[in-house]
Structure formats: structure tokens, C-alpha cells
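Me: I have a model open and would like to go through it piece by piece. Can you keep the answers plain?

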Amino acid sequence: MADEAPKLPQFAVLSLSGCAGCEVSLLNASEWCEKLRLVYMPLVVSAHHIPDEVEVLLVSGSVRNDNDAYTLQRAVHNVSRVIAVGTCAISGGITHLGDRDDVRELFLSQSNRFLLPHLLARTRPVDAFVDVDMYLPGCPPTPDLFMAALLHPEGYKASSIVCAECGRRKLADMRPKHLTGFQQGEVLPDICLINQGYLCVGTSTRGGCHAICTRPGHPCVGCRGPSNVFIEKESSVWLEKIQHVFEHMTDIPPEEVNEALRSPQLSMFLFQFSDYAGGDRPPRSKEKVL
Ligand code: SF4
Ligand code: SF4
Ligand code: SF4
């Protein structure tokens, strides 16, 4: 009789309101295929419900409507470990766009027609409804971050900030007077994007993404969230630190930096604050953030 295949630990993926980019990033990783069994992920696995004995539940997307809240609360039963995955699940991400009045009005004008789920008053993070054992920030988290979260979270340590992984040099004598528009102008290789007038927030953004944006020349928009220094503090401290960096490294008027930091150009970065600034939940422990 042939040997039975070893029973692999099972994991599931629950997608709430998001863009499914987190799921695509997970599928771009392959190491888990031989070590874990994916038993639920509507994007690729045909299963009507999350089976019992699931070791890890990854939750992506935020709680935007009553259906998200119901599905999430049901899903965590019989699950050993819950990981909130991606900026949307942790701090709202792009789904905070639905908190804008014009988007809400558009949605409400169609909701009866299409029997859509009811919007909550505002987007909520996953941990507003269920206990979360680990946070995996990023938009989306890179495949190797997924692997670290699933297979060896204890052995993983992210770099403190994106700058530590970027490799661009900060120069004392290259001080721009104004911001360079997003995606405009030539980007010089090897030199810090702030020296070139770009609004990069890598100086206080958590590392771990291998600086995949900044190395080819795109400013960091902070999708990995605040570094450990800021994670348990008020969001305003993070914002002020970035403003200080620009005062220190450039001659750009502070009001220009301040306005740009709050503009839609940095929407991913900004949307992290709508949760942090809420004041209705204690700060997350940095030990739980990968
Ligand atoms: S965190 Fe980013 S990639 Fe993941 S669901 Fe949200 S918008 Fe999409
Ligand atoms: S380009 Fe951004 S991430 Fe790279 S060193 Fe400069 S501030 Fe840091
Ligand atoms: S460089 Fe910044 S925006 Fe890009 S993936 Fe890393 S943390 Fe996210």
C-alpha cells in the first residue's frame, strides 16, 4: 500500500473590501505550496466555507460594510491564528476612499438598485472586530513577506526603515527649493530622492520591502506603515518627523511640504492616519507587526 501523503497544516484567505492585490502577491510566492495547504480563498479555491482545523487565517481588505463584518466574525471560529494582511486590513488603505462624501453618495444612490451590502459609517480595520495575532503591512506585502509571516515569523526581522534598504546616498549640499512633481523630471541614480525634491517618506516607513519603489526611482508612499519608533505613538508624531527631515535636508518651504503630505498624491500614506488618529483603540504592539 502506498504511503499516505503527510498532512500539511491548513491555511485560508478571507478577502474583505480591497483590491485583491494582496492575494495576487501571495500567489506570486510559491514556497508555501509544499509546506501548507490552502483550503479557502475564493479567488482560486472552490470551497463554500472555511473548514475546521485551519491553522492560519489571512485577512485582507478592510471592514467596509455589514457583510464584511459578519463574514469576518464568522470566519475566525476554529482558527488558531489570525493575520491581518495589507494596508487595507490594518489601517484602511484605499478603502478609506469610500469615506469621502461624494463616493458614499454615489454608492448609496445605487445600493437599493443592486441590493448591495450596507456601508458602515466608516471603514474599520480588522482588529476593530476580532483579535489579531499578527499584522503584515504593505500594499501589497511582497511575496517574501508573506512567506515570512506564514512559515517563520519568529525568525524574521524587518529593517528599521526603507532608507536602510534603499542604497541611495543622502547629500548635504544638494538642497532643492521646491518639490518635484510626482513622476516628473529625470531621476538621478544613487542619490536620495529627497535631495532631488521628491516627496519620499522612506525615512520613517517600516522596512522589509527591499525598497522596491525607491531603488528604481519612485518615492516611497509609506505603504509599510510607520517604523517601530512611531508605531505606538500618535500619528502626528510620524507626520512631524517627516516634516523635520525635509527641513533638515531641503530649502523647500514647510507649508509646501505640509500641503503635499496631505494631498491625494500620498493617499496610501495619508489613509493610514484615519485609523491611527481615531483615538478609539489602543496602539498596536510593535511586536505583532512583521
Ligand atoms: S492593501 Fe493594497 S494590495 Fe492589499 S487589498 Fe488593499 S489596496 Fe489591494
Ligand atoms: S530615496 Fe527615500 S528611501 Fe531612499 S534614502 Fe532617500 S529618503 Fe530614504
Ligand atoms: S518603498 Fe515604500 S511605498 Fe514602496 S513598497 Fe516599500 S514601503 Fe511601500
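Me: Where does A211 lie?

Reply: A211 lies in the loop between α6 (163–166) and α7 (228–231). Helices (H or I, at least four residues) and strands (E, at least two) are DSSP runs, numbered from the N terminus. Before going on: this is a predicted model, where local features need pLDDT of at least 70 and side-chain atom pairs count only at pLDDT 80 or more, while totals for chains, interfaces and linings use all residues. Residues are numbered from 1 along each chain as its sequence is written, and chains are lettered from A and ligands numbered from 1 in the order in which they are written.

Me: OK. What is the phi of A211, and is A211 buried or exposed?

Reply: Phi of A211 is near 50 degrees, which is a positive value in a residue other than glycine. A211 is buried, because 22 other C-beta atoms lie within 10 Å. The cut-offs are 20 or more other C-beta atoms within 10 Å for buried, 12 or fewer for exposed, and partly exposed in between, with C-beta atoms placed from the backbone.

Me: And N78, buried or exposed?

Reply: N78 is exposed, because 11 other C-beta atoms lie within 10 Å. N78 sits in the loop between α2 (66–75) and β5. Its phi is near 65 degrees, also a positive value in a residue other than glycine.

Me: What does C220 touch?

Reply: Leaving out residues up to four places away in sequence, C220 touches V162, C200, V201, G202, T205, C213 and T214. Contact means that the C-beta atoms, placed from the backbone, lie within 7 Å.

Me: Which residues are closest to ligand 3?

Reply: C209, C213, C220, C223 and R224 are the closest of the 13 residues that surround ligand 3. A residue is near a molecule if its C-beta atom, placed from the backbone, lies within 6 Å of it. By class, this shell has eight nonpolar, four polar and one charged residues. Ala, Val, Leu, Ile, Met, Phe, Trp, Tyr, Cys and Pro count as nonpolar, Asp, Glu, Lys and Arg as charged, and the others, Gly among them, as polar.

Me: How many residues surround ligand 2?

Reply: Ligand 2 has 14 residues around it, and the closest are C163, C166, C192, C200 and G202. That shell divides into nine nonpolar, three polar and two charged residues.

Me: Then ligand 1. Which helix gives the most to its shell?

Reply: α3 gives the most to the shell around ligand 1, with three residues. The shell of ligand 1 has 13 residues, and C139 is one of the closest. By class, six are nonpolar, seven are polar and none is charged.

Me: What joins C139 and P140?

Reply: A cis peptide bond joins C139 and P140, with omega about -10 degrees. P140 lies in the loop between β7 and α5.

Me: Which residues of α5 are buried?

Reply: In α5 (residues 143–151), L145, F146, A148, A149 and L150 are buried. They pack against β1, α1, β3 (54–60), β5 (79–85) and β7 (134–136).

Me: Last one: how is the chain divided?

Reply: There is domain 1 (10–156) and domain 2 (163–276), with bounds from an automatic or database domain assignment. Their C-alpha centres lie 27 Å apart.

Note on methods:
Two residues are in contact if their C-beta atoms, placed from the backbone, lie within 7 Å.
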